[in-house]
Amino acid sequence: MATTVQIFTIIGILCTPMISIAALVLTLAALNLSLGVRSLYVKLLGLVFDYATKIKQDKELSNDPDVSTDESSSVPSHTTKSTKTSAPPIVEKSDDDPIEITSQTPLISDSSRKIDDEDKSQELITTDQDQKVTRSSSQSDIQFKLGDIMHFTRQGLEAIVDDEVTKRFTSAEEMAVWNLLTRTQQQHEYFSARITLLWFLGFCVRYFLLFPFRLCLFILAILWMLGSAVFLKYFPKRDAKLRYGFYINIVLHRILSRVFSAIITYHNTEYRAKCGSICVANHTSPIDVIILSTDNSFSMIGQKHGGFFGMVQRTLSNTANHIWFERSETKDRHMVAEKMREHIKVENNLPILIFPEGTCINNTSVMMFKKGCFEITEAPIYPVAIKYDNRFGDAFWNSTKHDLFQYLILMMTSWAIVVDVYYLPPMTIEKDETSIDFARRVKAAIAKQGGFVDLEWDGGLKRALPKADFKAEEQRKFYEMLKTE
Amino acid sequence: MGSNASIMLQQEDLQNICQQTGFTAKQVQRLYSRFKTLDKRDCGFLTREDLLCIPEVNINPLGERLIDVIMDDYGENNKINFKQFIFLLAKFRRGRVKSSTTEFNTRDSKLRFLFDMYDRNHDMKIDREELLQVLKMMVGGNIHDDQIATIADHTIGELDSDGDKSITFEEFCKTLERIDADDKMSMKFLS
């Protein structure tokens, strides 16, 4: 019928822009080109933020003239992609002890010396038991003064005011430049009509313009993923998976990176991870995988999920060999290591991507690396440091505050994700080096490159309390201090 | 829109606190931000568990005792709100020479806090039992109980000048005279 034809023509006309944009994005993703739209957009945003911050500071100055004017000079210029320096500590830590005569470094604030190896601390406690028996006769060796509690009291108070660990599990502190997102402001204060207007405009742009667009791109990505999975499944050649899977994966992730308006800068690409190796990176968010996969394809390793995510896992398995575990198997470290070794032996298998911290940290520090993957000596480790620039969107996933779905919505309604990826030269375990020391060495390299604080604390402290061994260690150190007087 | 805290720091409260404690507005705001980070359930007060969650406090041998003092003496019903929190911290604010001391951060109040770390029954005396408890907490299993008892007796013997087998606040202050407790217990709050 004429009317049906008309209807179809109209639908066709409406869909054309969408389809053409989709085709454009696909082409760009496949060819690894960029129109430079995102960079321009980010520059423009930078200008807007600086303007907003200036208004805010002018208001602040007029309210409270005592505020020092050093603040205005600390506004980072939008042209420098300056990474936000971590806020200074709330309180200066004490580094001397009132009663010590030895040059003992502070017990608590120097957390990088923590012994986290269970065996080691166990050993220490048993030797002390032996010592205790022999010393019971010499009582006058221990000199205790009432003022000795100052040491622990002071450190306890300092830790309550500001400790190294708790602040790694929440979004990093307030920035010098406000980026017009209320979620980043600790307190919403009414500054001026202009800023509120700007904020409102920003809100509309983000939620009503950017978000639907990004959602469409997301759907495109899902379609691509499903389409390529079907394609490879029925493709006659056996090794097609390995040959084409690499490129298919990269294209998928490039589309996904546009969903979050990610602007990624790679450094030292000569150290890109090769087949048969293990790639190790610091973990800030689930998006890390997408960021890294725009430049290189990886085999992922993880637990089998159900539902939507499980379907994603199964689909991805069509394009590359990933290692998925049953829930019960994850505790079995030997099995995990075995599977990894098997994977590495197969030629042309993609490098395995692992986040040894085990949980998301807020990109200001690197926490303890679990030694599991460092025990696999057959494969070289390619460390990668991922550094996010918080100005356009905070990528950290606070899993205690938001679930994954909420987090993705937050990401899709942020301005952009600006990130620097630093590839580091490969490292292998040295002779006589334990896997724990090796893990520490790799962690130190990543921390140095990314400008992170290197902490020995376990990321698991997000949800669990420290082991009792640590307190016993503190008690032992205090005892040692008493003895030497 | 929407701030995520159910309580916000009002302007008048802020000014009040600054005046009384001697903190600057920025310092108070940073401490408020810290308070909110610790207050994970966003209920406007901190509990023992919230403070014990801090790993560095958790592994501190006197961590629990410190929290006891904070909760019992400065909070109420095992809760401490922000005002109480900041008045507590005001005691330890390092004041500059020209009398930026308020009634809070005097030497005396710091010594009193330390005394309270020992004296939990608030009878203004540190008796043998209280001293034993603190010693045990600090050294753990590294010293035999007998030896700890000996140390406690020895310490009391040395410092008890009026023969009541316990240490009063005056005797306590006297023994800390040589050590600059005021300086050691002062914290420099940065903004």
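Domain 1 and domain 2 of chain B bury about 1,700 Å² between them, and 65% of that lies on carbon and sulfur atoms. Buried area is the accessible area (1.4 Å probe) that two parts lose on being put together, summed over both. The model is predicted: local features need pLDDT of at least 70, side-chain atom pairs count only at pLDDT 80 or more, and totals for chains, interfaces and linings use all residues. Residues are numbered from 1 along each chain as its sequence is written, chains are lettered from A and ligands numbered from 1 in the order written, and side-chain values use heavy atoms, without hydrogens and water.

- Leu62(B), Arg65(B) and Phe92(B) supply 41% of the area that domain 1 of chain B buries against domain 2 of chain B, more than any other three residues.
- In contact (heavy atoms within 4.5 Å) are 18 residues of domain 1 of chain B and 17 residues of domain 2 of chain B.

**Domain layout**
- Domain 1 of chain B spans 14–93 and domain 2 of chain B spans 106–190, with bounds from an automatic or database domain assignment.
- Their centres, taken over C-alpha atoms, are 23 Å apart.

**Charged pairs**
- Two salt bridges link domain 1 of chain B and domain 2 of chain B; each is a side-chain nitrogen of Lys or Arg within 4 Å of a carboxyl oxygen of Asp or Glu.
- Arg120(B) forms a salt bridge with Asp72(B), with the closest N and O atoms 3.3 Å apart.
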